[in-house]
Amino acid sequence: MTEDRHDPSNGDVPARVAVTGTPGTGKSTATALLEGEYDVIHLNDRIKGNEDLWTERDADRDTLVADLDAVADHLGGWTGVLDSHLAHHFAVDRVVVLRCHPETVEKRLRERGESAATAAENAESEALDVILSEAVSTHGMENVYEVDTTDRTPESVAEAVREAIEGNVEPSAGTVDFTDYVGDRL
């Protein structure tokens with residue numbers, strides 16, 4: 001590790017941190033801003049670039065189906081920050097779940113070229129706290145931090161992630177609520 005990066009062996013940050021969230025919440029943008037401070041692994045890029053890490057292409061969603069066991073083997077004894085909507089499925093010390101209002105998620109995904117169906121599915125997943133629930137179920141409330149990215153700049157989101165990584169804020173699972181989105185659709 002270079003001298004300007006945080007060294008988990010000194011105890012100043014957890015060795016393994018997942019930055020996760022529904023697609024479109026700002027994970028890759030925020031973690032890219034942290035690359036000079038932490039070893040960041042952009043997991044989705046690795047999966048896309050290695051046929052051994054996925055089992056099939058979901059034609060309906062135009063996505064790859066990751067082989068989580070193969071990905072875990074590929075990661076081996078990694079340390080740093082793992083960026084992906086799948087990151088919370090791996091052995092980590094702390095989880096930062098980026099959240100964003102479902103309407104904003106849907107808009108961002110449509111702007112990226114995702115289909116209306118995929119964008120709507122991800123917006124609904126965000127409204128229903130799917131990734132947050134999975135993270136809490138696997139890692140416990142005491143290890144999960146939520147960051148609402150809806151009206152924040154990428155720099156502000158990166159700072160909030162940094163604060164969670166370094167333990168400068170308390171765990172905050174359950175503080176973000178987008179159930180109004182579901183109610184508006186009923």
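Predicted model: local features only at pLDDT ≥ 70, side-chain atom pairs only at ≥ 80, totals over all residues.

Tutor: A helix is here a DSSP run of at least four residues, and helices are numbered from the N terminus. Being 4 residues apart in helix H4 (residues 102-111), Glu-111 and Lys-107 are separated by about one helical turn. Their side chains form a salt bridge in which the closest N and O atoms are 3.5 Å apart; both Glu-111 and Lys-107 are exposed.

Helix H7 (residues 154-165) holds another such pair, Glu-159 and Arg-162, which are 3 residues apart, about one turn of the helix. In the salt bridge between Glu-159 and Arg-162, the closest N and O atoms are 2.2 Å apart. Glu-159 counts as partly exposed, because its relative accessibility is 34%, whereas Arg-162, with a relative accessible area of 16%, is buried; the cut-off for buried is under 20%.

A further salt bridge joins the side chains of Glu-126 and Arg-99, at 2.9 Å from N to O. Glu-126 belongs to helix H5 (residues 116-127) and Arg-99 to strand E6 (residues 94-99), so this pair ties together parts that are 27 residues apart in sequence. Glu-126 and Arg-99 are both buried. These two residues also take part in a network of salt bridges that links Arg-99, Glu-126, Asp-129 and Glu-146. In total, the structure holds 6 salt bridges, among them the pairs Glu-111 with Lys-107, Glu-159 with Arg-162 and Glu-126 with Arg-99.

Definitions and conventions:
Residues numbered from 1 in each chain as written. Heavy atoms only, no water. Salt bridge = Lys/Arg side-chain N within 4 Å of Asp/Glu carboxyl O. Helix = DSSP H or I, 4+ residues; strand = E, 2+ residues; numbered from the N terminus. Buried < 20%, exposed > 50% of the residue type's maximum accessible area, 1.4 Å probe, protein only.
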